[in-house]
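Load the model in your viewer and keep the sequence panel open. The stops below go one selection at a time.

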Amino acid sequence: MTDERLLTRPLRRTPRPATRERTRSGVPGLVVILAGAFLATGSFFVINVALPTIGLQLGADPGLLPLLVAGYSTPYAALLVAGGRLGDRYGRRRMFVTGAAAFAVGTLCCTIAPDFWTLVAARLLQGSAAALLTPQVLGTIQASFSGAARQRAIAWFGSTLGLAAAGGQLLGGVIAEYDLGGLGWRAIFLPLVFVAALLALLAIRLVPETTGQAVKIDILGAALLALPLVLLLLPLSLGARLGWPLWTWLSLAAAVPAVLIFVAVERRIEAAGRVPLLPPSLFALRPFRRGLVTALAFFLGLGGFFLVIGFVLQGGLGLGPLGAALVLTPYALSFLACSLIIPWLVRRFAGRVIIAGAAILVVVNLIIAVRSLLTYPTLSGVALLPELIMLGVGQSLVMIPVFGQVLAQLPAERAGTAAGVLTTTQQIGIALGAAAFGAVLFAAPHGPAHSPGWAWLTAAVFAGMAVLAGITAICAGVGRRGDERRMNGR
């Protein structure tokens with residue numbers, strides 16, 4: 001994930017000894033804030049493999065379970081930019097500590113939630129806290145490190161996200177499988193309460209306080225951004241299981257004017273000389289528009305994958321939570337291993353890295369769709385390992401460089417704000433993708449493991465993800481040579 005203040009705060013030239021001292025003093029704090037990034041990202045992944053178990057133990061309809069994913073991603077998306085600006089104004093350490101403490105409270109509420117809807121509300125609190133905590137990570141790195149040390153810190157940040165993906169899924173699967181402490185799925189959240197509280201305490205002592213340019217927060221814009229998200233996510237998450245009643249169609253239709261109202265208000269704010277949540281003038285920049293569509297198409301597919309893969313492995317192929325986590329661990333590790341060489345690949349091949357990654361996703365998703373249709377009765381999680389490993393490689397090749405490639409093509413003075421918009425798009429795509437593909441997966445009864453219902457619905461969702469990967473490749477390829485010539489001419 002990319003922070004909106006990255007590259008926006010001018011560096012103060014200081015004597016070399018002071019720079020070295022500031023870098024050394026920031027290393028303990030770096031460990032703490034990277035742990036915060038691990039916590040926020042891992043908390044998204046930790047629940048995915050355990051969703052079927054949560055639904056079973058709470059007696060929730062499987063079609064409602066996407067709300068647990070959207071409940072985290074929606075406030076994360078709507079409040080992320082505002083969280084970064086709060087850090088700029090009031091201090092990043094202060095907001096990190098506040099976010100970690102609020103995350104501990106939200107996670108505790110998840111642990112003790114007596115029913116499904118209380119758990120959804122607790123996930124909303126978790127996502128809101130993550131939106132306050134996460135933006136302070138790269139902002140603190142930007143202010144506390146310089147030169148090569150800063151680049152290494154940012155590289156560690158990217159690796160932390162990969163580790164969170166692998167560790168979160170494995171942890172969720174192990175706890176759901178073994179019912180640790182007799183707490184069932186609740187034991188997934190309990191350790192995170194103590195981790196978040198400990199990070200809040202450590203940050204007070206170890207993380208340096210930094211601030212950025214104080215900008216008035218567009219509270220109205222944040223509220224208006226959340227409205228169309230809710231209008232889309234609720235009917236997509238609930239419609240299939242309820243038989244698509246009238247209110248679901250009215251809600252989907254109302255999302256269109258809600259978006260138009262949001263755009264109109266943001267234009268008025270920018271025209272008045274104030275700073276809107278998502279500046280409309282950015283969309284006049286062609287590289288940014290294309291990058292935004294590229295990112296949205298990719299993260300829609302990624303959000304769908306995160307949601308459906310646990311159900312496909314457990315409900316469709318009959319694995320337990322631990323078996324599903326173990327099958328997904330090579331996928332996550334391939335993502336992490338590939339992420340380590342992404343900087344070298346981007347230096348050598350530039351935007352072709354994204355195109356190659358998207359092309360891999362197209363092919364692999366289509367292979368899984370075809371195998372689901374033709375061989376589902378004999379398909380197994382182990383048999384899908386080659387495809388899952390290649391999915392990890394393809395997703396890494398797209399997700400890690402997409403932000404840098406888009407931002408490198410923009411004027412330096414717009415890069416920070418554009419990064420915030422792209423990060424918001426990331427979370428919106430994940431939330432909508434999870435809801436939309438969840439609606440497809442639960443559009444009809446499945447039956448037992450390896451049943452025909454699972455076969456064609458699994459094929460449908462992976463075919464849809466292949467289409468989105470194809471759109472990603474096309475958008476990344478259009479105008480690539482012209483953009484590279486402009487970048488080389490700077």
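A pocket here is an open set of grid points where a 1.4 Å probe fits, with protein on both sides within 12 Å along at least five of seven lines. Its volume is the space filled by probe spheres set on the points. Keep in mind throughout that this is a predicted model.

**Stop 1: the second largest pocket**

Start with the second largest pocket, which holds about 580 Å³ of space. Select Val259, Phe262, Leu278, Phe283 and Leu292. Of the 21 lining residues, these five lie nearest the centre of the pocket. Now colour the elements that give two or more residues to the lining: H9, helix H10 (246-271), helix H11 (286-316) and helix H16 (412-441). What is the make-up of the lining: how many residues are nonpolar, polar and charged? There are 16 nonpolar, two polar and three charged residues in the lining.

**Stop 2: helix H9**

Select residues 219-242. This is helix H9, with 24 residues. From first C-alpha to last, H9 reaches 34 Å, close to the 34 Å expected at 1.5 Å a residue. Centre on Leu236, where H9 bends by about 25°. Then step just past the end of H9 to Gly243, which takes a positive phi of about 80°.

**Stop 3**

Pick Ile261, in helix H10. Is Ile261 buried, partly exposed or exposed? Its relative accessible area is 49%, so Ile261 is partly exposed. Draw a distance from Ile261 to Pro228. The two are 33 residues apart in sequence, and their C-alpha atoms are 9.8 Å apart in space.

Move to Val421, in helix H16. Val421 has 2% relative accessibility and therefore counts as buried.

**Stop 4: helix H3**

Select residues 66-90, helix H3. Its 25 residues should span 36 Å at 1.5 Å a residue, and the end C-alpha atoms are 35 Å apart, which agrees. Where is H3 kinked? The kink is centred on Leu79 and is about 50°. Why is H3 described as largely enclosed by the rest of the structure? Because 21 of its 25 residues are buried, where buried means under 20% relative accessible area. Gly91 follows H3 and has a positive phi, near 110°.

**Stop 5**

Just after H2 comes Gly59, with a positive phi of about 70°.

Next, pick Val32 in helix H1, residues 16-45. With a relative accessible area of 4%, Val32 is buried. Val32 and Val137 are 105 residues apart along the chain, and their C-alpha atoms are separated by 9.4 Å.

**Stop 6: the nonpolar cores**

Select Leu68, Phe116, Leu119, Ile141, Phe305, Leu388 and Leu441. These residues touch the most other members of the largest nonpolar core, which has 132 residues. Which element gives the most to this core? It is H11, with 14 residues. Another core lies apart from it and has five residues, among them Cys338, Ile342, Leu345 and Leu397.

**Stop 7: Met390**

Finish at Met390, in helix H15, residues 385-408. At 35% relative accessibility, Met390 counts as partly exposed. Met390 and Val363 are 27 residues apart in sequence and 9.7 Å apart in space, C-alpha to C-alpha.

Methods. Residues are numbered from 1 along each chain as its sequence is written. This is a predicted model: local features need pLDDT of at least 70, side-chain atom pairs count only at pLDDT 80 or more; totals for chains, interfaces and linings use all residues. Side-chain values use heavy atoms; hydrogens and water are left out. Helices (H or I, at least four residues) and strands (E, at least two) are DSSP runs, numbered from the N terminus. The expected span of a helix is 1.5 Å times one less than its number of residues. The bend at a residue is the angle between axes fitted to the seven residues ending there and the seven starting there. On a 1 Å grid over the protein atoms alone, a cavity is a set of points where a 1.4 Å probe fits but cannot get out, and a pocket is an open set with protein on both sides within 12 Å along at least five of seven lines; lining residues have an atom within 4 Å of a point. Ala, Val, Leu, Ile, Met, Phe, Trp, Tyr, Cys and Pro count as nonpolar, Asp, Glu, Lys and Arg as charged, and the others, Gly among them, as polar. A nonpolar core is a set of buried Ala, Val, Leu, Ile, Met, Phe, Trp, Tyr and Cys residues joined through side-chain atoms within 4.5 Å. Buried means under 20% relative accessible area, exposed over 50%, partly exposed in between (1.4 Å probe, protein chains only).
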